[in-house]
Amino acid sequence: MIAEINFDGLVGPSHNYAGLSPGNLAASHNAGSTSHPRAAALEGIGKMRANIALGLTQGLFLPHRRPDRVWLESLATDPAGAAPWLRAASMSASPMWAANAATVSPAADTRDGRCHLTVANLMTMPHRSHEWPETLAQLRLAFAHQAFAVHGPVPAPFGDEGAANHMRLAPAHGAPGVEIFVHGVAGGGFPVRQHAEAGRAIARRHGLDPARTLHVAQSEAAIAAGAFHNDVVAVADGLTLFAHEKAFAEPETFYADLRKLLPEVQIVEVPASAVPLGDAITSYLFNAQLVTLPERGQALILPAEARETPSVWSWLQGMAAGNGPIRRLELVDVRESMANGGGPACLRLRVVADPATVDPRFLVDDAQLDRIAQVVEGHWPESIAPDQLADPALWERIEQARAALLDLLELRELA
Ligand code: SUG
């Protein structure tokens, strides 16, 4: 049975605020704050439980080795000798943002009838550039079944940040769809993280029909305002595209092309006059999980911050009361991740596949989440202040916490 599985990245025990992502305003603003890894991971687990309660299938990706000694070694240093920023880059818990793990094309869209995944190279930000080898190792285990084809990263210099810059619209998860690759051209003063050539290369690798694939540019205004990924200003599911008026460089052309391919598409565009770009970005209105519920209808799983932003909340209330496709709003509290610029949608990677073809160690239910929460409560640091990143006792604690999780999940081969 084909379903959409949301794989959430479990927040790792090294979660901290080092301000490593220029252009990500929340992360820059919170640089130097004290983080709370245990609370952060429990918030993420709470979000997974909320998804399960909605009847959705839930999967999990694991935190990576931190500090990343292998990466530091390739730079001829180690955690003790590395400059503070490099050490921080080796300690980031950024793999929690699973929307940046890979780009996924479901089997119904691909030439060979397999579900294709390309691991994201994340090469623009140093602290994320070393994620892909461990992500790839997890993808190769989770999706070892012949129903899947797992690809290595797109080569440099074409930056690729995965599903955060990819959308899919289809009448049903298992039906052929239209895939949309979104790239940046210019970002005002901020870096552009998704290169157009990366999307084109992935579409070719995945065997997508060029006639049902679109490549569109983000607007420079959106990137300059803090939309470092498309999923900060747009999200799609089923036949619904939910986007800010200022998300795309040429919205009219994009919408016309989309309507030609998918006449039944419903484009819910939020005007800047109702929700200014700045409010959309601070509230992460669009970094919501837009999901089709088993009993039909769509729900938007939003960060609690959406309710605290008056323009956003009033727009949402109007939308839910109207006759559009999105009628149900669910709020989740992922504040620790939000403070680093990662909302509900950043924390998950959608894979459309038969759950029976996925390695069950990467799937979770409430009972398994109870066991994972116990490991988090017993092993994750309560807090990390910036100066602790240099403390060998913290490195050891983080390494032991991950080992306890691998033991529980019987995934010691990832040690
Ligand atoms: O890449 N933050 C992440 C947030 C990723 C959000 N993902 C999506 N939009 N899909 C990033 O900017 C901050 C880490 C730090 O500064 O320590 C960070 O990497």
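**View 1. Met-167 and Ile-180 in a three-stranded sheet of the predicted model.** Met-167 stands opposite Ile-180, a residue of β7. Strand β7 covers residues 178-183 and pairs with β6 in the antiparallel sense, over four bridges. The sheet is open, with the strand order β6-β7-β8 and mixed pairing. Its edges are β6 (166-169) and β8 (213-217); each has a single partner strand, so one side of each is left without a neighbour in the sheet. On average, neighbouring strands here are turned by 20 degrees against each other, direction ignored.

**View 2. Helices α7 and α9 on the sheet of View 1.** Helix α7 (residues 196-205) packs on the sheet and touches β7 and β8. The direction of α7 makes about 155 degrees with that of β7. Helix α9 (residues 251-261) lies across β7 and β8 and runs at about 170 degrees to β8.

**View 3. The open sheet of four strands, β15-β1-β2-β16.** Pairing in this sheet is mixed. The edge strands are β15 (348-353) and β16 (363-364), each with a single partner strand, so one side of each is left without a neighbour in the sheet. Two bridges join β16 to strand β2 (residues 57-61) in the antiparallel sense. Gln-58 has Val-364 of β16 as its bridge partner. Helix α2 (residues 37-53) packs on this sheet, touching β1 (3-9), β2 and β16, and its direction makes about 170 degrees with that of β1.

**View 4. Residues around the ligand.** The ligand has 23 residues around it, of which Leu-20, Ser-21, Ala-99, Ala-164 and Cys-346 come nearest. By class, the shell has 11 nonpolar, 10 polar and two charged residues.

How values were computed: Residues are numbered from 1 along each chain as its sequence is written. This is a predicted model: local features need pLDDT of at least 70, side-chain atom pairs count only at pLDDT 80 or more; totals for chains, interfaces and linings use all residues. A residue is near a molecule or strand if its C-beta atom, placed from the backbone, lies within 6 Å of it. Ala, Val, Leu, Ile, Met, Phe, Trp, Tyr, Cys and Pro count as nonpolar, Asp, Glu, Lys and Arg as charged, and the others, Gly among them, as polar. Two strands pair if DSSP finds at least two bridges between them. Two residues are in contact if their C-beta atoms, placed from the backbone, lie within 7 Å. Axes are lines fitted to C-alpha atoms, for helices over the stretch in contact, and angles run from 0 to 180 degrees between N-to-C directions.
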